[in-house]
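Visitor: Please show me the model and walk me through the terms used for it.
Guide: Here it is.

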Amino acid sequence: MNMSLARLSIVGAGPGDPELITLKAIKALESADVVLYDALANEALLDHAPESSLKIFVGKRAGKHSYKQEEINSMIVNWAKTGSHVVRLKGGDPYVFGRGHEELEYAEKHGIETTYIPGISSAMAVPGLAGVPLTKRGVNESFWVVTGTLKDHGTANDLYLAAQSSATVIILMGMKKLTEIVKLFAEYRGSDEPICLIQNGSKAEERFLSGDLKSILPLQETARLKAPAVIVIGKVVEERKLKEKLVQEMRLVE
């Protein structure tokens with residue numbers, strides 16, 4: 001066992017579109033001996049890894065975990081200690097609600113060299129790709145990124161503070177709590193506050209649903225968007241409609 005060769009790369013896979021990955025991430029994959037990848041990492045990215053590399057799915061689908069976190073931690077260490085370069089491929093950015101730093105810390109405690117390679121977070125990219133800018137001069141002053149569901153499946157306390165702010169709020173992992181979220185934000189911001197839901201953002205199968213806090217739940221009853229999805233609440237959601245209106249007007253002029 002050559003511990004000097006043991007190394008782990010925590011790699012961000014981006015929001016879903018396989019082209020939205022960094023050059024540094026591709027280089028890490030190209031030198032991987034083992035790739036441990038999540039459900040939100042596009043499997044097309046595995047083509048960048050050597051054919052001889054071991055590719056193991058360790059993510060979660062339909063609420064079912066293929067491996068517990070403790071098992072993933074052990075796999076990282078055990079494979080790295082064989083002298084392998086382990087790439088932990090995680091959707092979005094590994095440090096944005098991705099437990100990437102927990103895995104990195106665990107590996108370092110076992111004497112393994114580690115590298116963090118950022119990814120494009122869905123919180124940042126998905127709204128913009130869908131036509132919703134996170135900030136726009138004269139519309140908003142800041143944005144918050146909040147998780148919708150805590151480790152114990154409770155609701156994040158920061159959502160209550162976010163609802164009382166004037167900021168654009170991007171909520172990840174919040175679809176199961178959509179009714180609760182809508183009620184909370186309507187209490188503080190009023191029922192006319194714009195909101196949108198974006199499922200499978202950046203991918204060909206992307207779905208987009210928008211409305212306001214009084215209409216989004218009835219719309220969702222029909223549309224039935226599912227996770228993975230990003231929720232955006234704030235005035236910037238209207239910018240997509242304004243752009244669509246402008247495009248239509250330009251077409252009429254032509």
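**Cores, a helix and a sheet**

Visitor: What makes the largest nonpolar core a core, and which residues have the most contacts inside it?
Guide: The largest nonpolar core has 23 residues, and Leu159, Ile171, Phe185, Ile195, Leu197 and Ile231 have the most contacts inside it. A nonpolar core is a set of buried Ala, Val, Leu, Ile, Met, Phe, Trp, Tyr and Cys residues joined through side-chain atoms within 4.5 Å. Buried means under 20% relative accessible area, exposed over 50%, and partly exposed in between, with a 1.4 Å probe and protein chains only.
This is a predicted model: local features need pLDDT of at least 70, side-chain atom pairs count only at pLDDT 80 or more, and totals for chains, interfaces and linings use all residues. Residues are numbered from 1 along each chain as its sequence is written, and side-chain values use heavy atoms, with hydrogens and water left out.

Visitor: Which element supplies the largest share of this core?
Guide: H6 does, with 5 residues. Helices (H or I, at least four residues) and strands (E, at least two) are DSSP runs, numbered from the N terminus.

Visitor: How do you know that the length of H6 fits a helix?
Guide: H6 covers residues 178–189, which is 12 residues. The expected span is 1.5 Å times one less than the number of residues. That gives 16 Å, and the end C-alpha atoms are 16 Å apart, so the two agree.

Visitor: Which residues of H6 are buried, and why are they said to line one face?
Guide: Leu178, Ile181, Val182, Leu184, Phe185 and Arg189 are buried. Seen down the axis of H6, the buried residues fall within an arc of 165°, so they line one face. The arc is that of the directions from the helix axis to the C-beta atoms. The face turned away carries the exposed residues Thr179, Lys183 and Glu187.

Visitor: What do the buried residues of H6 pack against?
Guide: They pack against helix H5 (158–164), E9, E10, H7 and E12. Contact means heavy atoms within 4.5 Å.

Visitor: What is the strand order of the open sheet?
Guide: The order is E8-E9-E12-E10-E11, with mixed pairing. Two strands pair if DSSP finds at least two bridges between them.

Visitor: Why are E8 and E11 called edge strands?
Guide: Strand E8 (143–147) and strand E11 (207–212) each pair on one side only.

Visitor: How many bridges join E8 to E9?
Guide: There are 5, and the two strands run parallel. Trp144 stands opposite Val169 in E9.
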